[in-house]
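Please read them with the structure open beside you.

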Amino acid sequence: MTPDAPVLDLVDRRIVQATQAGLPLVEAPYAAVAADLGLTEAEVIARLGALQDRGAIRRIAVAPNHYALGMTANGMSVWDVADDRVPALGARIGALPFVTHCYRRPRALPAWPYNLFAMLHGGSRAEVEEKRAQVAAILGDACRGADILYSTRILKKTGLRLRED
Amino acid sequence: MTRPFRTVLPSDALDETDRAIINALQDGFPLTPRPYDDAGAALGITGADLIARLGRLRDIGAITRFGPFFDAAEMGGAFCLCAMAVPPDQFDAVMTQVNAHPEVAHNYERTHALNMWFVLATDSPDGIDRTARAIENETGLRVMQFPKLEEYFIGFRVRA
C-alpha cells in the first residue's frame, strides 16, 4: 500500500457504501447495485472482484448468529505461548471447527501475558471447557499460562461503517 | 441493529437445507450475473429458493448479515481490539460513553478484571489511537490495545 495513493477510489467507495448493509436479495444483485449507482453490472462485478483480489473484501458471505443457533456459551480463550511456536500452533488451533477467530496479539506485561486468542463457542460452558481442554492439549508444553473470558453481555454490535463524506 | 442476538431459535427453526446454506455461504459467494442461481445449484436448490431462505434466516436472526466482508486495514483504515478494567459501579456510565463513539463496532462485557472488550474500526490508522485517547479522557480509565499481529483460519460449522 503506497501511503499517497487512495486505497479505494470514489467509485469503489460508493460500491462499498451500497453493499455494506448487505447484498440485495434479488435475482441479479450486482445489476441492482449498479442501477442504484449509475454503473454497469459488469463494472460492479469487476470492481468487487478486484477488491476481493486485493483483500479489501475478505469474502462475500453470511455471518451466522452463533447465539441464535444454540451456541449460547462464548468464551475468549487466551494463551501465553512461546513466541517461536505461535505460528505453527496458531494455525492448528485456528483450523479447529469450533474456533471461529484465532489471532496472535501483543502481550501487555505484567498484567496480560497472553499472546494467542481463540474464540470458542458451545451450547454450554461445560461444552466450551471441553473444547478448551482440546486446545490446551494441542498447545502442550508450549503454553505457560491460560485463561478464558466468557461474554456475559453484548453491549454493542454494529457492522463496519464507512463514513459517508 | 435491532436483531434479537440473545434469543435462541427453536431447534426446528432450521431445516437441513438452511444449515447447508449457512455452512456453504460462509466461504464465499459467486461474482456472476445470477449468483443466487449459481450458489443454489451447488446446494441443489433454485436461486429463488436460496433468496427466500436467506431472507427468512435474516428475519428470524439466524444470520446477522449477508454480503461483502470488508477488511478495514486493506481499505486504508484499521481495526483494534481494546480492553478496559471498569469499576462495577461505573460500568453502565462507561458503557454509554464508549458506545457513543461510532468507531466502536462491537462491545462485550466479559468475566475478567478487564471486563469491557470492544473493537474499534476506523477509516484511518491514526483513528485507533485518537479514539482510544478520547475514551481515556472521557472515562479517566486506561484503554489497552490488542491489535492483531497474525490471523489464523476462521470457520464455524453448524451441524449439517
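Predicted model: local features only at pLDDT ≥ 70, side-chain atom pairs only at ≥ 80, totals over all residues.

1. Domains. Chain A is assigned domain 1 at residues 10–54 and domain 2 at residues 73–150. The centres of these two domains of chain A, taken over C-alpha atoms, are separated by 37 Å. In chain B the assignment gives domain 1 as 16–59 and domain 2 as 78–146. Here the C-alpha centres of domain 1 and domain 2 of chain B lie 36 Å apart.

2. The annotated region. UniProt, in an unreviewed entry, places "domain: Siroheme decarboxylase NirL-like HTH" at residues 12–58 of chain A. The annotation may be inferred rather than shown by experiment. In the model, residues 12–58 of chain A are 66% helix and 4% strand.

3. Helix H1 of chain A. This helix covers residues 10–19. Its buried residues are A:Asp12, A:Arg13, A:Ile15, A:Val16 and A:Thr19. Viewed down the axis of H1(A), the buried residues fall within an arc of 160°, so they line one face of the helix. What covers them? The cover includes helix H2 (29–37) and helix H3 (41–54) of chain A. Strand E1 (63–70) of chain B is also part of that cover.

4. Strand E2 of chain A.

5. Partners of E2(A). Which strands pair with E2(A)? One is E4(A), residues 116–122, antiparallel over 7 bridges. Within that pairing, A:Met76 stands opposite A:Met119. Another is E5(A), residues 143–157, which runs antiparallel to E2(A) and is joined to it by 7 bridges. There, A:Val81 stands opposite A:Cys143.

6. Cysteines. The structure holds 0 disulfides over all chains. A:Cys102 is in no disulfide, and its nearest cysteine sulfur, that of A:Cys143, is 12 Å away. A disulfide needs the two sulfur atoms within 2.5 Å. Is A:Cys102 buried or exposed? A:Cys102 counts as buried because its relative accessibility is 0%, and the cut-off is under 20%. A:Cys143 is partly exposed, with a relative accessible area of 21%.

7. A:Arg104. This arginine is found in strand E3 of chain A, residues 99–104. At 18% relative accessibility, A:Arg104 counts as buried, because the limit is 20%. What does A:Arg104 touch? Leaving aside residues up to four places away in sequence, its contacts in chain A are A:Asp83, A:Val86, A:Pro87, A:Asn115 and A:Leu116. From chain B, A:Arg104 touches B:Pro147, B:Lys148, B:Leu149, B:Glu150 and B:Tyr152.

8. A cis peptide bond. Most peptide bonds are trans. The bond joining A:Leu109 and A:Pro110 is cis, with omega about 5°. Where is A:Pro110? A:Pro110 lies in the loop between E3 and E4 of chain A.

Note on methods: Residues numbered from 1 in each chain as written. Chains lettered and ligands numbered in written order. Heavy atoms only, no water. Pairing = 2+ DSSP bridges. Helix = DSSP H or I, 4+ residues; strand = E, 2+ residues; numbered from the N terminus. Buried < 20%, exposed > 50% of the residue type's maximum accessible area, 1.4 Å probe, protein only. Domains from an automatic or database assignment. Arc of directions from axis to C-beta. Contact = heavy atoms within 4.5 Å.
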